[in-house]
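Hi,

Have a look at it first, then read on.

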Amino acid sequence: MTIQPYNKPIPRLDDPDMAPFWAAAREHRLTAQRCTSCSALRFPGLPICPTCLERGFEWTDVSPEGSIWSYVVYHRAFHPGFADELPYVVAIVENADGVRYTGRVVGRREDVAVGAKVRAVFADETPEFTLVKWELA
Amino acid sequence: METIDTDIRGKVAIVGVGHTPQGELPGQSPELNSVLAIKEALKDAGIGREKLDGLITCKSVQGTNTDVMVGPLLGINPRYAQTLDYGTCNFSLHLAVQAILTGMATTVALCYGANARSIRFPFGASAPTLGGASGLMHIAGPAAMALQRHKAMYGTTDEQFGMIAVSEREWAQKNPIALFREPMSMERYLALPYMVEPLRRADVTMLSDGGVSLIVTRADLAADYPNKPVYLLGMSEQTAIRGEYTPDYLNREFLRGAADQIWQRTGLTPADIDALYIQNPTAVWVLQMLEYYGFAPPGEVGPWLAEGHTRPGGDRPVNTNGGQLSESYMWGWLHLVEAVRQLRGQAGERQVTGAEIAMYCSTQVWLKGGASIISTHN
């Protein structure tokens, strides 16, 4: 068996606003930024809190449980890396802490629905890159 | 909502419209397409370029077509020049009105130019983000996400939603410049495969090259122009520039703000609008704006669409040019050109009888919205 190289887009893992998120994902933890002044959670990462305009923050573990806000099913690959996975499902998930994540949904397609419960799972795509996906709960 | 009541009604007029052929124009840059369109608009307005003292360009999708890139080809140094990152024509028109009413310019050419089709611009390219890595690509992705949510909340069906594309195709068959003119019945629409479910290919605009231009001037000068002047009755804008940090941003509820402002400022209601134009890279934008601007009851746009109001012969004609789904992409600019032609009575086979007031609603995805109401009466 030959191992295929990972041929889908890889995010900028060294993006200063997001590097801690990707590092935590490698450890199979779901995280978001928390403002150290007003405690508001935010995601994706920003260098200042848009709620109180204070700069202090920490990346904190958040609940891996969530529900689907909405979802789509790709029947066309706009990037060749996805061609052999068609059709595939992408959803916006709201976790139990109210943070929204965009991600692939794995599991039976017939069970995917707005409001369906999902749980974060961690796909180690390369030694450096782990993609957060969502599995139907 | 706090607004300062500034009476702009009837003070600015559109006196010229022009565009290049649409489709594939190999070897023609956005700047060249802009200037070719301005040439047509000047001809329509019956003036030479020396009458222009303002130029407002709209960037092409690849970031070119700025004022200083169009200037050398146009061969004039107007008093005023500016570039908008995302014109959709509404925002460009609004800036022209501001320039004219503040005395910065008197007669302004607005233009858009694109060569996205011939250069094979990669619209589907993914951003280096969690979404991109997850395969959420192309404008069809977020739009389909919003539609799926609408379906879940209100029970909107494929057949109801499909009426937008079917209706625009019916209009396009009456429009000689439309790129997609082959008949598409509802049956044929429903038989199309999904592209990004619940969107089909026919629910999404096509790539096209071309240029579009409008000439705008002070209303008191408009009588000197050969065509019936089309006056601006009112305009509004609302942003949601926080983007994805705005809760439920894909529902684009902020558009209600643009709607409230324009109805309040003009004293008009949806019932006063004879022809409605909605910028539509995807049909989802039409679905949402019909509700937010008050043309269909909130949450009930599906059944309303199925009643056929928007089709030729319907009581609420929408995108009589065929829209961006069937006429041409052009970032929505041809909607306003069509609105002007309808009001002048120059829309040929697709003429809406007695059209006196038209409205154009547009957006920059989920970040900005704007509307304009125009009329042959001031």
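In chain B, the residues B:L255, B:R256 and B:A259 of α8(B) meet B:Q288, B:M289 and B:Y292 of α9(B). Contact here means that the C-beta atoms of two residues, placed from the backbone, lie within 7 Å. By class, the contact of α8(B) with α9(B) has four nonpolar, one polar and one charged residues. For the classes, Ala, Val, Leu, Ile, Met, Phe, Trp, Tyr, Cys and Pro count as nonpolar, Asp, Glu, Lys and Arg as charged, and the others, Gly among them, as polar.

Before going further, keep in mind that this is a predicted model: local features need pLDDT of at least 70, side-chain atom pairs count only at pLDDT 80 or more, and totals for chains, interfaces and linings use all residues. Residues are numbered from 1 along each chain as its sequence is written, while chains are lettered from A and ligands numbered from 1 in the order in which they are written.

Back to the two helices. α8 covers residues 255-266 of chain B and α9 covers residues 283-292 of chain B; their axes come within 9 Å and cross at roughly 45°. That makes α8(B) oblique to α9(B) (angles under 35 degrees count as roughly parallel, over 145 as roughly antiparallel, 65 to 115 as roughly perpendicular and the rest as oblique). The axes are lines fitted to C-alpha atoms, for helices over the stretch in contact, with angles running from 0 to 180 degrees between N-to-C directions. Helices (H or I, at least four residues) and strands (E, at least two) are DSSP runs, numbered from the N terminus.

Which residues does B:I373 touch, leaving aside its neighbours within four places in sequence? The list is B:L233, B:G234, B:I262, B:T266, B:L268, B:I357 and B:M359. B:I373 itself sits in strand β11 (residues 368-375) of chain B, and it counts as buried because it has 24 C-beta neighbours inside 10 Å. The cut-offs: a residue is buried if 20 or more other C-beta atoms lie within 10 Å of its own, exposed if 12 or fewer, and partly exposed in between.

As for chain B as a whole, there are 12 helices and 11 strands. Of its 378 residues, 57% are buried. Take the contacts in chain B between residues at least 6 apart in sequence, and 78% of them join residues at least 24 apart.

Now chain A. You'll find one helix and eight strands there, in the order α-β-β-β-β-β-β-β-β from the N terminus on. The radius of gyration of chain A is 16 Å, close to the 14 Å that the rule gives for 137 residues, so chain A is as compact as a globular protein of that length. Buried residues make up 32% of the 137.

Finally, where the chains meet, the contact takes 27 residues from chain A and 26 residues from chain B. On the chain A side, β4 (65-74), β5 (88-95) and β6 (100-106) are the elements that give two or more residues. The largest share, six residues, comes from β4(A). By class, that side of chain A divides into 18 nonpolar, five polar and four charged residues.

Cheers

Terms used:
The radius of gyration is taken over C-alpha atoms; the globule rule is 2.2 Å times the number of residues to the power 0.38.
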